Amino acid sequence: MNKIVVGLSGGVDSSAAAAILHHQGYEVVGLTLWLMKGKGQCCSEGMVDAAKICEDLGVPHHIVDSREVFQASIVDYLVEGYSAGITPLPCSQCNKTVKFGPMLKYAREELGIEKIATGHYARITYDAATGRYQLLRAIDPAKDQSYFLYDLTQDLLAGTEFPLGEITKTETRRIAAEFGLKTADKPESQDLCLVESNGSMRAFLDKYIAPQKGDIVDKSGRVLGQHDGVHHYTIGQRKGLGIAAPEPLYVIELDAAGNRVVVGDRQLAVESECTVQKVNWVSVAAPMAPIRAQVQIRYRSHPVSATVIPLETAGEEKAGGTRVKLIFDEPQLSVTPGQAAVWYDGDLLLGGGIIERNQLPN
């Protein structure tokens, strides 16, 4: 019988993934990562629900204490980024560093099982011609999570199954109900667990970064208003600035060193290009020449056409280096340092990386 370790968060998606695989004849082992410190954190209820799912399915359940690695890799990473005036994206880093990597290692080394599965909405295929595993969007565009998975390696893709990639969220709930899972009607969780746990990103950050009043200025340095902490703002933000102006103003720079939030009109808030670092080429080998692709610069943003240009990196030997330049066909709003830019060919995820900070235009 095929054995597989299923990552269980206690939500309907992972629960349904476990039930589907169990029904298909897999010998399922449930695995839950304990991610957050402190009594009453969101993981507590999830672990109880995950244990109940395993009990109902008649499968073993393991809990791994991952609080230290989550604190170091995600919480500290977020705090450091926001303190420096960027807006980090924790989910892709969490998937690779905290979840998929450690889960697959635990499955192989502790349980002797070669495969893991999760409730993510994405698809994995294998291209025999290139010898690469490929990552594709899920069938359900409203739930597709491939954007957050761009940083997975070939080894992680080879060892992972996504049972929900070919079905919709509605079908997932129907399947969960048919199997009698207690999570079938469980409400949707927040995209970011830290927000769900703390009530808002602002509340989470204020636990670690002391609010510090400073100036909101225009590009010339003229003071237009006051802020209570650079970490409360993000590039492209328009609402909540508290400034009366004849035209809409957007955040165009976060000057953490000078404790200033710089704003400007829409013309100053759009970018025709950006550079991307820490690039991971997923479904294809790193190209040596520019390619055309559809790029997402945020999880919920619409893909836009762009040219992806590999950049040479000093001391970097592999083809294409680890940085690229994106040149958009049309200027884009809210190109935010710290967020991921992910590029596709249709449903096929080609690669992605982290948007670098651009210099403020003169």
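Let me begin with burial: a residue is called buried under 20% relative accessible area, exposed over 50%, and partly exposed in between, with a 1.4 Å probe and protein chains only. What we have here is a predicted model, in which local features need pLDDT of at least 70 and side-chain atom pairs count only at pLDDT 80 or more, while totals for chains, interfaces and linings use all residues. Residues are numbered from 1 along each chain as its sequence is written, and side-chain values use heavy atoms, with hydrogens and water left out.

I will take the aromatic residues to start with. Rings of Phe, Tyr and Trp (for Trp, its six-membered ring) pair if their centres lie within 6.5 Å, and planes under 30 degrees apart count as stacked, over 60 as edge-to-face and the rest as tilted. The whole structure holds 7 aromatic pairs. One of them joins Phe100 and Phe162, with ring centres 6.1 Å apart and planes at 80°, so this pair is edge-to-face. It links distant parts of the chain, since Phe100 lies in helix 4 (residues 90-110) and Phe162, 62 residues away, in the loop between strand 7 (160-161) and helix 6; helices (H or I, at least four residues) and strands (E, at least two) are DSSP runs, numbered from the N terminus. Both Phe100 and Phe162 are buried.

Tyr147 and Tyr299 have ring centres 6.1 Å apart and planes at 35°, so their pair is tilted. Tyr147 and Tyr299 are each buried, and together with Phe148 they form one aromatic cluster.

Now to the charged side chains. A salt bridge is a side-chain nitrogen of Lys or Arg within 4 Å of a carboxyl oxygen of Asp or Glu, and by this rule there are 17 salt bridges. Among them, Arg174 and Glu178 have their closest N and O atoms 2.9 Å apart, and the two residues, 4 apart in helix 6 (residues 169-178), are separated by about one helical turn. Arg174 is partly exposed at 42%, whereas Glu178, at 57%, is exposed. Arg222 and Asp218 meet at 3.1 Å, N to O, where Arg222 is exposed at 52% but Asp218 is buried at 13%. Asp49, Lys182 and Lys186, finally, are linked in a network of salt bridges.
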